[in-house]
Amino acid sequence: MKIFDPTASPKSRELELPPAPARLEGARLMLVENTKFNSETLLRKLAERLGRKHGTTVSGVHRKRSPSHEIEEGVVPALSRQGDLVISGIGD
């Protein structure tokens, strides 16, 4: 069993992120679904609208273990390789 101290400050870590695309036209979207109710529905609808308006496509979906968990360590580089833009949904 793991016990977490809710009063502890989160550990900060430096992430080297690629620059945001200058334009959305033709961008590849990676969706990060956090498992909350309606999160995936919300993300898919947003991606659909972006696709109609800007010609974006969904190149993948990553599903987190739970809303409170971070994205796993090795997933961030994969997200940046597979997509030009990452959108994380909250649901509810």
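# Glu-33 and the sheet around it

Glu-33 is buried, with a relative accessible area of 2%, where buried stands for under 20%, exposed for over 50% and partly exposed for values in between (1.4 Å probe, protein chains only). The residue belongs to strand β1, one of the three strands that, together with two helices, make up the secondary structure of the protein; helices (H or I, at least four residues) and strands (E, at least two) are DSSP runs, numbered from the N terminus. This is a predicted model, in which local features need pLDDT of at least 70 and side-chain atom pairs count only at pLDDT 80 or more, while totals for chains, interfaces and linings use all residues. Residues are numbered from 1 along each chain as its sequence is written, and side-chain values use heavy atoms, with hydrogens and water left out.

**Confidence and overall make-up**

- The mean pLDDT of the protein is 85, and 83% of its residues reach 70 or more; pLDDT is the predictor's confidence in each residue, from 0 to 100.
- Where pLDDT is low, the predicted coordinates should not be read in detail.
- Read from the N terminus, the elements follow the order β-α-β-α-β, and 26% of the 92 residues in the protein are buried.
- Of the contacts in the protein with a separation of 6 or more, 78% are between residues 24 or more positions apart, a contact being heavy atoms within 4.5 Å.

**The sheet**

- The three strands form an open sheet in the order β2-β1-β3, with parallel pairing; two strands pair if DSSP finds at least two bridges between them.
- β2 and β3 are the edge strands, since each of them pairs on one side only, and the twist from one strand to the next averages 25°.
- β1 pairs in the parallel sense with β2 over six bridges, where Leu-29 stands opposite Val-58 in β2.
- β1 also pairs with β3, again in the parallel sense, over five bridges, and here Glu-33 stands opposite Gly-89 in β3.
- Strand β1 is mostly covered, five of its six residues being buried.

**The helices on the sheet**

- Helix α1 lies across β1, β2 and β3 and runs at about 165° to β1; axes are lines fitted to C-alpha atoms, for helices over the stretch in contact, and angles run from 0 to 180 degrees between N-to-C directions.
- Helix α2 packs on the sheet, touching β1, β2 and β3, and its direction makes about 150° with that of β1.
- Val-75, Ala-78 and Leu-79 are the buried residues of α2, which spans residues 75–82; seen down the axis of α2, they fall within an arc of 100°, so they line one face of the helix, the arc being that of the directions from the helix axis to the C-beta atoms.
- An α-helix has 3.6 residues a turn, so residues three or four places apart point the same way.
- The buried residues of α2 pack against β1, β2 and β3.

**Surroundings of Glu-33**

- The side chains of Glu-33 and Arg-63 are joined by a polar contact of 2.6 Å; such a contact is a pair of N or O atoms within 3.5 Å, of which, within protein, one must be able to donate a hydrogen and the other to accept it, and residues adjacent in sequence count only if both atoms are side-chain atoms.
- Leaving aside residues up to four places away in sequence, Glu-33 touches Ser-39, Glu-40, Leu-43, Val-61, His-62, Arg-63 and Lys-64.

**Loop residues**

- Thr-35 lies in the loop between β1 (28–33) and α1 (39–54), and Asn-38 has its place in the loop between β1 and α1.
- Although it is not a glycine, Thr-35 has a positive phi of about 75°; Asn-38, not a glycine either, has a positive phi of about 70°.
- Most residues other than glycine have a negative phi.
- Thr-35 counts as partly exposed because its relative accessibility is 26%, and Asn-38 counts as partly exposed at 38%.
- Thr-56, in the loop between α1 and β2, counts as buried because its relative accessibility is 8%.
- The side chain of Thr-56 reaches the backbone nitrogen of Gly-51 at 3.1 Å.
- Thr-56 and Arg-28 are 28 residues apart in sequence, yet 5.8 Å apart in space, C-alpha to C-alpha.
- Not counting residues up to four places away in sequence, Thr-56 touches residues including Leu-24, Leu-29, Ala-47 and Leu-50.
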